[in-house]
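Me: I have a model to go through with you. I want each label set against its cut-off.

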Amino acid sequence: MHDRGEHPVKEASQAKVYATEHATKICGTILRLLGAYGTYEEIPLSDYFTSCKTLELGSGASEIHRNNIAREVMREYERRFESGELMAWAQTESQEDLLKLNERSGEILEQA
Ligand SMILES: Cc1cc2nc3c(=O)[nH]c(=O)nc-3n(C[C@H](O)[C@H](O)[C@H](O)COP(=O)(O)OP(=O)(O)OC[C@H]3O[C@@H](n4cnc5c(N)ncnc54)[C@H](O)[C@@H]3O)c2cc1C
């Protein structure tokens, strides 16, 4: 994406959060599977676990990357709304069917 001249902030943040949090989750699962053996010094699982948690924090903590993702998604929808793309989508046939269904369910609720 970068080579195409794009600025993949959202995708980079998504990849960072996904990879680091899944690595921690996998360590937790292995620890649970091994039980007490997982705590033995011969198996450096606690080191892996600490490393994974550190990776979640380093280069921007997960919360900061989630803020990036939310900001980029908001910008994307703002762009699509301003370009009229979202309004065009709201006027497609399937969308009109959905709106009719919504009106119909409103009427049913009023009658109940
Ligand atoms: C192994 C390692 C190597 C590193 N290497 C480098 C390096 O080479 N160069 C460099 O410049 N830096 C480096 N760092 C620093 C790293 O970038 C910072 O530690 C990281 O960005 C987090 O900042 P912080 O430590 O100030 O934590 P803080 O930002 O103080 O975060 C502490 C806690 O508060 C939460 N938090 C903070 N702000 C918010 C918010 N707005 N909303 C919700 N929660 C929030 C965080 O999620 C976290 O849980 C390294 C860190 C580590 C662990």
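Reply: Along the sequence, the pattern is α-α-α-α-α, where helices are DSSP runs of H or I of at least four residues and strands are runs of E of at least two, numbered from the N terminus. This is a predicted model: local features need pLDDT of at least 70, side-chain atom pairs count only at pLDDT 80 or more, and totals for chains, interfaces and linings use all residues. Residues are numbered from 1 along each chain as its sequence is written.

Me: What makes H3 lie largely in the open?

Reply: A residue is buried if 20 or more other C-beta atoms lie within 10 Å of its own, with C-beta atoms placed from the backbone. In H3 the number buried is 1 of 21 residues, so the helix lies largely in the open. Across the protein, buried residues make up 5% of the 112.

Me: How do you know that the span of H3 is close to the expected one?

Reply: The expected span is 1.5 Å times one less than the number of residues. H3 has 21 residues and reaches 30 Å from first C-alpha to last, against 30 Å expected. Gly84, with a positive phi near 90°, follows H3.

Conventions:
A residue is buried if 20 or more other C-beta atoms lie within 10 Å of its own, exposed if 12 or fewer, and partly exposed in between; C-beta atoms are placed from the backbone.
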